[in-house]
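Here is a friendly set of notes to read alongside the model. Please keep the sequence and the 3D view open as you go through the points.

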Amino acid sequence: LQKMSGASVSVSVAFIDNDVRKLFEFNTMDTEARIGALAKLKTAGLRTSALICPVIPYITDAIPFIDILAPHTDKIWIYGLSMLNRADQSWQNFEGILKKHFPGLKEQIETVVFSKDDSYWTNVRNDLIELQKDRQLNLSIHL
């Protein structure tokens, strides 16, 4: 990769807690391994980026994730969880996980996921914009 002109590497991450990651992304690489790979690639002089996706309301906290990723990345994209409608298979699968593992948060998460204008998204977006300005980070915020 170092010999390739303009080469860059990006990884996606969604969960700091690997037990939670396994609920939503079973059979995927540990978050620590992904971040470790970014660190090695950045040290080797490659351009690196990360995608924090999906930000799941009340489960994913993007700011601590950014703190972990920032030293190893040139850019970080942040996308919130979005669903089209409750009849979609994706929502049905997701809802099943929420009912089983996060029953106390299911209704709150559902409300936010199906409303792009929910104050949850506004608050997180504003916090991320403030963090971006304060720390001069290259963030692409899509919440």
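1. Gln136 sits in the loop between α6 and β4; helices (H or I, at least four residues) and strands (E, at least two) are DSSP runs, numbered from the N terminus. Gln136 is not a glycine, yet its phi is positive, about 55 degrees. For context, most residues other than glycine have a negative phi, and most peptide bonds are trans. At 68% relative accessibility, Gln136 counts as exposed (exposed is over 50% relative accessible area, buried under 20%, partly exposed in between, with a 1.4 Å probe and protein chains only).

2. A word on the source: this is a predicted model, in which local features need pLDDT of at least 70 and side-chain atom pairs count only at pLDDT 80 or more, while totals for chains, interfaces and linings use all residues. Residues are numbered from 1 along each chain as its sequence is written, and side-chain values use heavy atoms, with hydrogens and water left out.

3. Now step back into helix α6 (residues 119-135), whose 17 residues should span 24 Å at 1.5 Å a residue; the end C-alpha atoms are 24 Å apart, which agrees (the expected span is 1.5 Å times one less than the number of residues). Tyr120, Trp121, Val124, Leu128 and Leu131 are the buried residues to look for in α6. They lie on the same side of α6, because they cover an arc of only 95 degrees around the axis, taking the directions from the helix axis to the C-beta atoms.

4. What do the buried residues of α6 pack against? Their partners are β2, α3, β3, α5 and β4 (139-142), where contact means heavy atoms within 4.5 Å. The face turned away from the buried side carries the exposed residues Glu130, Lys133 and Asp134.

5. Ile52 stands opposite Ile78 in β3. From β2 the chain crosses through helix α3 (residues 62-69) to β3, and this β-α-β crossover is right-handed: with the strands pointing away from the viewer, the path from the first strand over the helix to the second runs clockwise.

6. A polar atom of the Thr48 side chain lies 2.5 Å from the backbone oxygen of His72. Not counting residues up to four places away in sequence, Thr48 touches several residues, including Val9, Leu38 and Asp74.

7. Two backbone details deserve a look. The peptide bond from Cys53 to Pro54 is cis, with omega near -5 degrees, and Pro54 belongs to strand β2. In the loop between β2 and α3 you will find Tyr58, which has a positive phi of about 70 degrees although it is not a glycine. Tyr58 is partly exposed, at 38% relative accessible area.

Note on methods:
Polar contact = N/O pair within 3.5 Å; in protein donor to acceptor, adjacent residues only side chain to side chain. Pairing = 2+ DSSP bridges.
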